[in-house]
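Dear colleague,

Please find the structure below, handed over for your review. A short account of the findings comes after it.

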Amino acid sequence: MNTLKWWQKAVFYQIYPRSFADGNGDGIGDVPGMIAKLDYLADLGIEGVWISPHYPSPQADCGYDVADYCDVAPEYGTLDDFQLFLDEAHKRGIRVILDMVFNHTSDQHAWFLESKSSRDNPKRDWYIWRDGKVGPDGEKLPPNNWEASFSGSAWEYDSTTDQYYYHFFLKEQPDLNWRNPEVQAAMWDAVRFWLDMGVDGFRLDAIGTIFEDPNMPDHEPGLSLVGLYQLSQAAQTEEERKAVGEKWEALFAYQVDRAHEMHPLMKELRKVVDAYPDKVLVAEDSNIAYHGSGDDELHLVFDFPLMRIEGPLTPAHIRKNQAERLAELPEGAWPCNTLGNHDSSRVKSAFGNGVHDDALARLSVALMLTLRGTPFIYNGEEIGMTDAVFTDIAQLRDMMAVRQYELATGMGMPADEAAAMACAHTRDRCRTPLQWKNAPNAGFSPAGVETWLPVNPNYAEGVNVEEQQGDPASMLNFTRQMMALRKATPALVAGEYTPLLEAHAECLCFLRALEGQTCLVVLNFSEKNQPLAFEGHHARRLLFSSAGRMDAGDLRALDVAPFEIVIVEIV
């Protein structure tokens, strides 16, 4: 236990700055608001925060279109505000990692403005420019048939220089040319800027898209991205969903996951970061290969396959995931678990069944805090926030959804169907302001202020921090209790994972064991009592029961209540 790094022991909390806390009352979250809530995070038991992009940005993609890597967006505050936040977080034992967007910049970044000014500008080769093709009627056509992941062509024509630039995401997010050593040097300087300020590491956005095939061959003709979205909506079985995924991979085959270039780049980044003591790098990727040999690339790689299941989590899915994932880790690598973030449905919405959503949400929290590895929790999950429902395309701020709507209507889809598709898939569903109290705007902003996204109205139904603070049985206090238990129980932090009762359809049962302590974890995912028999294991003490049991009793005849969470120290 004592040999673990801080990032192996910590529970991380993702702050989406635009929606976390509004310090100046303008309807947008900001750094002063984050400072004001540090005591809340410390009381919750958080020891690490990941801050989604806080850089200056035109907000074409909610901050993932960076206009300056070495500053703070003016609507969020100043560099001095950020330094104060960092210092105050550290005083409370909370480490801070930042989102770093390597693949692309904003089209308003000074680098790109220079690059597009002329073909002979020194920064022309900082981005990916190509001549277009000429169509049969003399019309200008893109260099190839690649699509952007937000739909539409991956190429945008620039009349100033009569060339196209490449963008894997929005046209407002031109891709950097990482084969240019000057780009690498400039980005490493940006990394050092924040490390010098005292940040504790980085979550690396979309790293699998950094390199694309330099020969830029056409993809085989097939479905468009809009067509794949329609197929995904219609998919009913796991086989159908897998087929859609395979079509998606084929659509972007030449644009992502060029491992032979990525791994040397990540090794270079690791050298930059290792010059500063005790830092961490986290991949927005599920590819275990980014661990390198275990200590020469990235420290943490998200286990996204764990959260990629339609409908409620099942013991069989979790067991299979853990068996495969833990076996694949190279020696010295450490797991990293999450069930939600700013790009996915909220946990309560994603894994609920419409009847027992509260109980299933608590099981999800318990799972994150008892599995082997570093857990990441998205802001608002601790109070059981749910996806917001949008019905009007004008309410959306997620340009990916807006572009899908525009393309779908342009292809002839009726406007109401296109709007329904965009509203059903928009990432805005999980990005609404955090609900602090039962008050106008959920206490996020003052009454009468228009918040940047509408507040989910269920803040008035108990889904808010203030009311849950005073309720011992609330989701918030359950989360706080589970966090405290994890921190106080070495086996839950550092212990090896061993599955038990592997054929059981309703209960996930496993051991977490290290020298001096072994814990039995039982999670009942069903609405029925489950009689379980753990032969050869005897209870030393009951650590936790969500059903209010007073002791563990005989583990050879353990009757587990519906949706009960049981954690027992055993001998």
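Predicted model: local features only at pLDDT ≥ 70, side-chain atom pairs only at ≥ 80, totals over all residues.

Residues are numbered from 1 along each chain as its sequence is written, and side-chain values use heavy atoms, leaving out hydrogens and water.

The whole structure contains 42 salt bridges (a side-chain nitrogen of Lys or Arg within 4 Å of a carboxyl oxygen of Asp or Glu). In one of them, D43 pairs with R480, with the closest N and O atoms 3.1 Å apart. D43 belongs to helix α4 and R480 to helix α17, 437 residues apart (helices are DSSP runs of H or I with at least four residues, strands runs of E with at least two). R480 is buried at 14% relative accessibility, whereas D43 is partly exposed at 46% (buried is under 20% relative accessible area, exposed over 50%, partly exposed in between, with a 1.4 Å probe and protein chains only).

D99 and R203 form another salt bridge, at 2.7 Å between the closest N and O atoms. D99 lies in strand β3 and R203 in strand β9, so the pair ties together parts 104 residues apart in sequence. Both residues are buried.

An open antiparallel sheet has the strand order β4-β8-β7 (strands pair if DSSP finds at least two bridges between them). β4 and β7 stand at the edges with a single partner strand each, so one side of each lacks a neighbour in the sheet.

Finally, N524 in strand β16 is buried, at 0% relative accessibility.

Kind regards
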